Amino acid sequence: MEVAQNFHMNGGTGETSYSSNSFVQRKGIEMTKPVIEEAMLDLISEHSAASPLNTSQCLNIADMGCSSGPNALLVVSYIMDIIYRKYSGTCDDVHGDRSPPHPKILVFLNDLPCNDFTTTFKSLGNFYDKLKDTYKLAGTDDEPQHQPCFIAGIPGSFYARLFPDDTLHFVHSSYSLHWLSKIPQGIGKCNKGNIYMAERSPPYVVEAYMKQFSADFKIFLKCRSKEVVKGGRMVLTILGRGDDVGPSSKECCYIWELLANAFKYMMIQGKIKEEDLDLFNVHICGEIRHPK
C-alpha cells in the first residue's frame with residue numbers, strides 16, 4: 001500500500017468519523033496550550049522587535065497532520081487568541097478604541113492528499129464569523145469587515161518538502177509524527193500473527209520499526225529546517241514511553257494486540273485471508289522515550 005496516497009482518517013462527521021472520535025487527540029492539544037502560547041509569544045516578541053507595529057508582514061503558520069473536524073481548527077483558535085491578546089495589550093494606548101493592528105496571519109493546514117479537507121473547509125465560514133464576533137472586527141460602509149486570518153490547505157506528506165525556503169514562522173504538529181512514511185522494510189512474514197511490534201515479535205521487527213522512525217524524523221526535521229525562518233518556532237507533540245518501558249511492551253502495544261485478535265477472528269470467519277493478514281503491519285511507532 002502506498003501510504004501517502006491511500007492513508008487517511010475516517011472523514012465526515014458521522015458516528016465512526018475521526019471528527020466524532022478524536023477526544024484523546026483534542027486533550028493532547030489542550031494540554032500543550034501553555035507550550036504553544038510560550039512559543040507564540042516569543043515569536044511575536046522577536047517579530048515586533050524586528051518590525052515594530054508593522055502590519056504589512058505576514059505570520060505564516062503550519063499545522064502538520066491536521067486531519068479533519070473541530071481539532072483541525074483548535075490550534076488556529078488558540079493562536080488567534082494569543083496574537084489578539086498580545087497586540088491588544090501593547091497597542092491600546094496608541095489606537096484607542098479601534099481594533100489593534102497585528103501582522104496578517106496565514107495558516108496552512110497540512111495532511112495527506114486523501115484527508116477530508118472538505119469537512120474542515122465547510123466549517124470555515126462559521127469559524128471566521130466567530131473570530132470576527134469575538135474580536136469585534138466589524139466592518140463599515142466604506143471598509144469591509146476585517147478578515148481575522150487566512151486559512152489554506154496543503155496536501156502532501158510532511159516527510160517531504162511542502163514550502164519554499166524561509167516561509168514558515170511557526171510549525172505545529174500533534175499526534176501525527178508517530179505515523180511512519182511507510183511500513184518498515186523487510187518485515188513481511190517475519191511478524192506473522194502480529195500487526196505491529198508485540199512481545200512475541202522477533203527482535204528484527206522491533207529494530208526495523210525503530211530504524212524507520214529515526215529515518216522519518218530526521219527527514220521531517222531536515223525539511224522543516226529549510227522551510228522555517230531563522231528564529232521560527234515548532235511545537236511537536238509525539239507519543240512516548242518511559243525509559244523503563246520496552247517498545248514492544250503491552251503498555252505501548254496492547255491496543256494493537258486487541259486489533260490483531262479481532263483480525264484473527266475475522267480470518268476464522270473467512271472474512272479475510274490468512275496470507276493477507278500475515279503480510280499486514282501498521283505503519284506507526286510511538287518510539288520516543290521520556291523519563292518518568
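**Notebook: aromatic pairs**

I looked up Phe158 first: phenylalanine 158 is buried, at 9% relative accessible area. Buried means under 20% relative accessible area, exposed over 50%, and partly exposed in between, with a 1.4 Å probe and protein chains only.

The model is predicted, so I note that local features need pLDDT of at least 70, side-chain atom pairs count only at pLDDT 80 or more, and totals for chains, interfaces and linings use all residues. Residues are numbered from 1 along each chain as its sequence is written, and side-chain values use heavy atoms, without hydrogens and water.

Next I counted aromatic pairs and found ten. Phenylalanine 158 and phenylalanine 220 have ring centres 5.6 Å apart and planes at 90°, so I logged the pair as edge-to-face. Rings of Phe, Tyr and Trp (its six-membered ring) pair if their centres lie within 6.5 Å; planes under 30 degrees apart are stacked, over 60 edge-to-face, the rest tilted.

I placed phenylalanine 158 in the loop between β3 (150-155) and β4 (168-174) and phenylalanine 220 in helix α7 (residues 203-227), so the pair ties together parts 62 residues apart in sequence. Helices (H or I, at least four residues) and strands (E, at least two) are DSSP runs, numbered from the N terminus.

Phenylalanine 220 is buried too, at 0%. I then checked for a charge over its ring: arginine 224 lies over the face of phenylalanine 220, 4.8 Å from the ring centre. The test is NZ of Lys or CZ of Arg within 6 Å of the ring centre and within 35 degrees of the ring normal.

Last, I listed one aromatic cluster: Phe158, Tyr159, Phe213, Phe217 and Phe220.
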